[in-house]
Each structure stands twice: as C-alpha cells, then as structure tokens.
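Please keep the sequence and the coordinates at hand while reading.

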Amino acid sequence: MSVINSFFDLFTRRKDSSFVYDLDLFQDIKNRAYLKRMAIDTVINYVGRAVSQSEFRVMNKGL
C-alpha cells in the first residue's frame, strides 16, 4: 500500500493545482463571450448596411 499511497500523494500533494484548471475554464468563458460579442456585432453591421442601402417609398392615398 505504500507505493499506492506515494503515487496518490504525488497528485494530491499540491492543493493549488486546481487553480490552474480554473484559469483554463475562465479563459474558455472569456473566449466564448468574445466570440458571441463578435457575432452580434457582425449581424448588427449586416442589418445596418442592408437598411442603409434600402430605398423606402411612401405612397399617398390612391396614388
């Protein structure tokens, strides 16, 4: 059992190693938020460009 305990202690000795995994999770969340923001900005630009190049006609009664 001593070998197994030594092997287990090798991976559980450092308690701050979980912090490294948390930073990876935050980086992933940050990248997702950035990509969502870029997608929204792109759609807004496409819609704005389409509206700005549109021609609106107003018809009076019966004309």
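A salt bridge is counted where a side-chain nitrogen of Lys or Arg lies within 4 Å of a carboxyl oxygen of Asp or Glu. The model examined here is predicted: local features require pLDDT of at least 70 and side-chain atom pairs pLDDT 80 or more, whereas totals for chains, interfaces and linings use all residues. Residues are numbered from 1 along each chain as its sequence is written, and side-chain values rest on heavy atoms, with hydrogens and water left out.

The structure holds 2 salt bridges. In one of them, the side chains of Arg 57 and Glu 55 meet at 3.3 Å, N to O. Relative accessible area sorts residues into buried (under 20%), exposed (over 50%) and partly exposed (in between), using a 1.4 Å probe and protein chains only. Arg 57 is exposed at 70%, and Glu 55 is likewise exposed at 62%.

Helices are DSSP runs of H or I with at least four residues, strands are runs of E with at least two, and both are numbered from the N terminus. The protein chain has 2 helices and 0 strands. Within helix 2, Arg 37 and Asp 41 are 4 residues apart and therefore separated by about one helical turn. These residues, Arg 37 and Asp 41, form a salt bridge whose closest N and O atoms are 3.6 Å apart. Arg 37 is exposed at 53% relative accessibility, while Asp 41 is partly exposed at 29%.

What share of the 63 residues of the protein chain counts as buried? The share is 0%. By the Shrake-Rupley method with a 1.4 Å probe, where only the protein chains shown count as cover for residues, the chain exposes about 6,700 Å², with carbon and sulfur atoms supplying 63% of it.

Phe 56 lies in the segment after helix 2 (17–52) and is exposed, with a relative accessible area of 66%.
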